[in-house]
Amino acid sequence: HTPTHPGDYVDKGPEARDVLLFVKALTTLFPGRVHALLGNHELNLLNDRSRVSGLAKGAEGYRYLELAWGAAHPAQYLRWLPAAERESPDAKVALEALLAALSDVYAASKHSAVMMAAPDPSSEGEGEGQRSARSILSWIPDRGVREVAARELRKWQRAYLAGVATGSELGEWLEQRPLTVVLASTLFVHGGVPLQLAGKG
């Protein structure tokens, strides 16, 4: 038996870091026996390392990790911090507020228009109001809580990206993941193969 994991280890809940570490450990303990492919979520995470926040002044794109519908659980970022920081009063306040805001966003069917990101405080000026309106923070009514959540969210997402940075243990492991593997004449690939390619040599 050759277990093959098809990818998408992140963006599926708060335990993404533990899932990555677990699958990495399997490929290390059983090289050539356990295969772990790269999914589109991991590919976007690697690309996010060089992307600018979609709420930055003058930004023309966005980071995939900021999409409310792409990475729906803010604790996914929080788990990359040291345990003491994860349990801080500010972290608990921020997480509760962000989860409540996210619930409201989905209830209003606004998840495709809201970004799980905090506007860069240094990017004030033209377009600031529009950028703030697109942030999940605009769904947190209490100003004080909103400021705590903004500060914490920035810190969590920095830790998330640092955890998969080039040269890091998990970053290097992800960079080495294949997109496909052939086992017993069967092609394994995340998301499948387009029908028009099926049957071609």
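What follows is a short exchange on a predicted model.

Reader: What makes up the secondary structure of the protein?
Author: Eight helices and four strands. From the N terminus on, the elements run β-α-β-α-α-α-α-α-α-α-β-β.

Reader: How do you know what span is expected for helix H1?
Author: The expected span is 1.5 Å times one less than the number of residues. H1 covers residues 16-29, which is 14 residues, and the expected value is 20 Å. From first C-alpha to last, H1 reaches 20 Å, close to that expectation.

Reader: Why are Ala 16, Leu 20, Val 23, Lys 24, Leu 26 and Thr 27 called buried?
Author: Buried means under 20% relative accessible area. These residues of H1 are classed as buried, so each falls under that cut-off.

Reader: What makes the buried residues of H1 line one face?
Author: Seen down the helix axis, they fall within an arc of 155°, so they line one face. An α-helix has 3.6 residues a turn, so residues three or four places apart point the same way.

Reader: Which residues lie on the other side of H1?
Author: Phe 22, Thr 28 and Leu 29 are exposed there. Exposed means over 50% relative accessible area, so these residues pass that cut-off.

Reader: Which elements do the buried residues of H1 pack against?
Author: Strands E1 (4-5) and E2 (35-36), and helices H3 (75-78) and H8 (169-175).

Reader: What lines the second largest pocket?
Author: 14 residues, with Ser 53, Arg 63, Ala 118, Arg 154 and Arg 158 nearest its centre. The lining divides into seven nonpolar, two polar and five charged. Arg counts as charged, so Arg 63, Arg 154 and Arg 158 belong to the charged group. The pocket volume is about 230 Å³.

Notes: Residues are numbered from 1 along each chain as its sequence is written. This is a predicted model: local features need pLDDT of at least 70, side-chain atom pairs count only at pLDDT 80 or more; totals for chains, interfaces and linings use all residues. Side-chain values use heavy atoms; hydrogens and water are left out. On a 1 Å grid over the protein atoms alone, a cavity is a set of points where a 1.4 Å probe fits but cannot get out, and a pocket is an open set with protein on both sides within 12 Å along at least five of seven lines; lining residues have an atom within 4 Å of a point. Grid points are joined across faces, edges and corners, and a volume is the space filled by probe spheres set on the points. Helices (H or I, at least four residues) and strands (E, at least two) are DSSP runs, numbered from the N terminus. Buried means under 20% relative accessible area, exposed over 50%, partly exposed in between (1.4 Å probe, protein chains only). The arc is that of the directions from the helix axis to the C-beta atoms. Contact means heavy atoms within 4.5 Å.
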